Amino acid sequence: MIPNLKTNEKSLIKMSIGGYVTQPSFKNPGYIPNNDGNSVILPGMYGVVNNVKVGDKAFGWSGDHIEPGVSIDSENINEHFALHYLVCTGNKAIVRSGEAKGKTGVVTGEHARNLIHFEQNTLEKICVGDQIDIITHGRGLKLLDFLEIEIKKIDPNLLKSMNFKVENKKLIVDVAIELPIKIMGSGAELNSEYVDQDLMSGDRSLMKQLKIDQMKLGDLIVINHADHRWGRSYKKDHVSIALCIHGDSVMTGHGPGIMTIMTGTKKNLGWKINKNANLKNILKIKL
Amino acid sequence: MKIETNEKLLVNVSVVGSVCQPNFQGLPAEPYRLDSNGSPFLLPSWGSIVHNVSIGDSAFGWEADCIHPGVSIKYPSEAGNRGLNILSCVGNEATIMSGEAKNAKGIVTGKSGRFSEQVIVHFPKKIREKISINDKILIKSFGVGLKINNFKDVFCKSLSPQLFVKMNIKNKDKKMVIPVTHIIPEHLIGAGSGLTSESGSLHIQTTDSSEMKKYKLDKLKLGDIIYIENYDSSYQHGFLRNAWAVGIIGQTNGPRAGYGPGITILMSSKKNNAKAKLESSANIINYIKFIK
């Protein structure tokens, strides 16, 4: 945390948007091919995941693309995109219908749906279809002393709670893990304001060697030579900081999901490895 | 001389809208809009519940594209939404009919134009977190058909008698003298020209910053009553020498060309029968009782 971190927080808009708790869904027949071509069927995306949370391991679950907590979406396509372009990690969520009405949670990331953490006793009262409103805040956020660093989809309070230091006019961000650019996969086809990019976990021995298999949901990570300003591409000496938002996958080209929160160049953006750089610690999330 | 109206002949009709969601276009289209220099931007835009922008705040300086202060509502069917947009008048009372904030009172402060067509309603900041997307809001619409005695050539639009009587308009030498915060020359009117004046918004053009300073338009606040020269909004919005229109600043500035702060037109005439009187207090917050 930098005490005098200057932001344009006061000119940002706080705007509500509603989503609905999603139903786990499969495409017929439900099987997906794993890295060896075998058909597997696993729980994963959508719905309310009762036992996987931010701070838990990203690898090793008997699941595919596990989304911790509650996944919300809208079936109206324009609302779906508004959820993706306005909701920021760290935003407050309020349950508007059902047994958990009035309870609050916190946004922990964005996959194909928005992911929200609730405490366990709230989680058990949440039903598929319940409306959850998010007080969106963060779109347009800038670090006024680092205007060349682009900030993406984080709540100003999350930004303020992160561990930073400034060295030679360069912002140094604490991250748990560094990912090599060559393992960045699915998601390169999307604009970088939408969802995430999977790291490709198919080379299992490399995952072990680099200790990427120790990654946790909510970890802050860095990708060197990645430019995430307008898409997700290789560019030498560009640096992107991201959050691990969903669990590993058995599919080729897939793996845990990484959602960009900052992108800059080596001139203005650096990192320091700190194993505790996880959203659970930064937001002091209660289980 | 005091000005009188046909208020007693007007019909008070209930109309309803629901708190609406923000909307963005889908893939593969990119999410970005272009600013007036051609650079892409992605910022919150119209709709929804805006928690930290209210009537009385600056219309400039927000990281936003034409934000509506307070709460925006819409009716699901197109015809029903036209009903909501035409009948609702600035100054009308709104009541929340469902959800946690049920029974809370608000006030209509503006309307939005083509591509959004929403009615903008002020509610106190401290209750906004209790308002949910989809909550029903009822407006006791009152004002369509309003006529001003001795000024039959003046068309009233989206103007409630509640607001009109507080605007301190005087009849001097057969001209309406209307207190306004700013006078806007017709060449600075952008998006909205050619569209209906019974609902929707007309936007000031803010790309030329030196013109903004010249006319002090960079000081505009949400809720300011303004006067447009040589502009006729009697039926649709368009240029006409010696015509005039008076409106209220309903939404904030935006980075797009032609999309500065939005105006909801309240009065207009083709005749040279009005005069603007500059008064910095000519803002709806000083005319109608508001809880911030």
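**View 1. The centres of domain 1 and domain 2 of chain B, taken over C-alpha atoms, are separated by 20 Å.** The model is predicted: local features need pLDDT of at least 70 and side-chain atom pairs count only at pLDDT 80 or more, while totals for chains, interfaces and linings use all residues. Residues are numbered from 1 along each chain as its sequence is written, and chains are lettered from A and ligands numbered from 1 in the order in which they are written. Domain 1 covers 11-141 and domain 2 covers 155-286 of chain B, with bounds from an automatic or database domain assignment.

**View 2. The contact between the two domains of chain B involves 33 residues from domain 1 and 36 residues from domain 2.** Residues are in contact if their C-beta atoms, placed from the backbone, lie within 7 Å. On the domain 1 side, strand 2 (33-34), helix 1 (78-87) and strand 7 (105-111) of chain B each give two or more residues. Strand 7 of chain B has the largest share, three residues. Helices (H or I, at least four residues) and strands (E, at least two) are DSSP runs, numbered from the N terminus.

View 3. Strand 12 (residues 175-180) and strand 18 of chain B pair in the parallel sense over five bridges; pairing requires at least two bridges found by DSSP. Ile178(B) is opposite Ala276(B) in strand 18 of chain B.
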